[in-house]
Amino acid sequence: MPDRRSFLIHTALAGAGALAGGWSGALRAAAPPLRWAPYAESMVVDACGFIGSDEAKPGDMLSPKLIAEARESGLRVLQTTVGPVAQYEGAFEAAVRDIANWEEEIARHPDVFLAVRRGADLERARREKKLGVVYQFQDSAPIGEKLERIDDYQRLGLRTVQLTYNVRNLAGDGCLEPGDAGLSKFGHSLVERLNERGILVDLAHSGRRTALEAIAASKSPVLISHTGCAALVERPRNKTDAELRACAQRGGVVGIYLMPFLRESGQPGAADVIRHLEHAIDVCGEDHVGIGTDNLVSAVKLTENYKRDHAESIRERRKLGISAPGESETVYLYVEGLNAPRRFETLAALLSARGHSDARIGKILGGNFARVMTEVWS
């Protein structure tokens, strides 16, 4: 299995495509970057993102350029993945190694990064204009059969656990499992232990029955950190209105991603992100929607090397059986109109232009995620 950081950098396919009409054409042509006045003071949270480069090698330290782009982004909280997906062998060691790498980065750049351990750290990051880093698993495989490992990971800084990736694991079925058997007995015990230890349950990538059963089982609000709306585009990675509504009704938050699954085909653009955000707001209410890009913070340079590496990574995912319908060798890791570190401000400006209030936009940019994170981590 490829290294997790490299694997995600090459396969976290971003997307959001253009709606019909002149608005989308104007969006693609927008320059200079759109601005939203309250942005600098806002709580801006990417519930699933990565700092890296398609040119970086596994284990490389962050370059000055990547550090500068993290600053430029205006993000105040980045929930980033540690540990592997869809593998059990070596998962514990890989997760610990990834956490250690991030701990070193935070120690090397205390003026840029802040390790998030409790809810108060989120507000501190916003106030001090730093980037708070939250460790998340995108698969519970690093826990294995040993629930006591949750205590160890909690002490190491882990704050969010996604129960499944795309395929079946000990906790339940991922979104690509045709049986959709739901949450296992072990999965119920896992949710209970995560609740007890103040670790958020994340249901991105889960099967639909797994999601609904985990929402019902959890005593704390849950996240669906990065997804789209199945009512708009029927894909396994997108959530039905029933799942979105259930998450919201129990106090949770749904993050809309920048992925190819936001449209049926073709290279996506920012208008699709807006479309899915607005549908999620209609279903969940403005207090339960956010953004989890599943993207790199930095902009993508569409070089021939990048195209080749991207195609190879998609082929590898297919061999491993973890490639979701909608992934394509020719749909790349950028969103038209949003291929810049400061993409959250552009989204805020677009929402404002469509009549959404500043208060609502602040919630979508990260206020909602920060509220639930603070509640559970306190």
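Colleague: What are the ground rules for the numbers?

Modeller: This is a predicted model, in which local features need pLDDT of at least 70 and side-chain atom pairs count only at pLDDT 80 or more, while totals for chains, interfaces and linings use all residues. Residues are numbered from 1 along each chain as its sequence is written, and side-chain values use heavy atoms, with hydrogens and water left out.

Colleague: Why are H4 and H6 called roughly parallel to each other?

Modeller: Two packed helices are described by the angle between their axes and the distance between the axes. Helices (H or I, at least four residues) and strands (E, at least two) are DSSP runs, numbered from the N terminus; axes are lines fitted to C-alpha atoms, for helices over the stretch in contact, and angles run from 0 to 180 degrees between N-to-C directions. Angles under 35 degrees count as roughly parallel, over 145 as roughly antiparallel, 65 to 115 as roughly perpendicular and the rest as oblique. H4 and H6 pack at about 15 degrees with their axes 11 Å apart, and therefore they are roughly parallel to each other. The contact (heavy atoms within 4.5 Å) is made by Phe92, Ala95, Val96 and Ile99 of H4 and Arg149, Tyr153 and Leu156 of H6.

Colleague: What makes H9 and H10 oblique to each other?

Modeller: The axes of H9 (residues 241-249) and H10 (residues 270-284) come within 9 Å and cross at roughly 60 degrees, and H9 and H10 are therefore oblique to each other. In this pair Asp241, Leu244, Arg245 and Ala248 of H9 meet His279, Val283 and Cys284 of H10.

Colleague: How do you know whether His279 is buried or exposed?

Modeller: Buried means under 20% relative accessible area, exposed over 50%, and partly exposed in between (1.4 Å probe, protein chains only). His279, which has its place in helix H10, counts as buried because its relative accessibility is 16%. Not counting residues up to four places away in sequence, His279 touches Cys229, Ala231, Leu232 and Asp241. Ala270 also lies in helix H10 and, at 1% relative accessibility, counts as buried.

Colleague: Why is Leu347 classed as it is, and what does it touch?

Modeller: Leu347 is in helix H12 (residues 343-353) and counts as buried because its relative accessibility is 0%. Leaving aside its neighbours within four places in sequence, Leu347 is in contact with Val273, Ile274, Ile291 and Leu338.

Colleague: What makes Ser42, a loop residue, buried or exposed?

Modeller: Ser42 lies in the loop between helix H2 (22-29) and strand E1 (45-46), and because its relative accessibility is 9%, it counts as buried. Apart from neighbours within four places in sequence, Ser42 is in contact with Trp36, Arg76 and Arg126.

Colleague: Why are Ala86 and Lys129 placed in their accessibility classes?

Modeller: Ala86 counts as partly exposed because its relative accessibility is 26%, and Lys129 counts as partly exposed because its relative accessibility is 35%.

Colleague: How do you know what span to expect of H13, and where does H13 bend?

Modeller: The expected span of a helix is 1.5 Å times one less than its number of residues. H13 (residues 358-377) has 20 residues and reaches 27 Å from its first C-alpha to its last, close to the 28 Å expected. Ile364 is one of the buried residues of H13.
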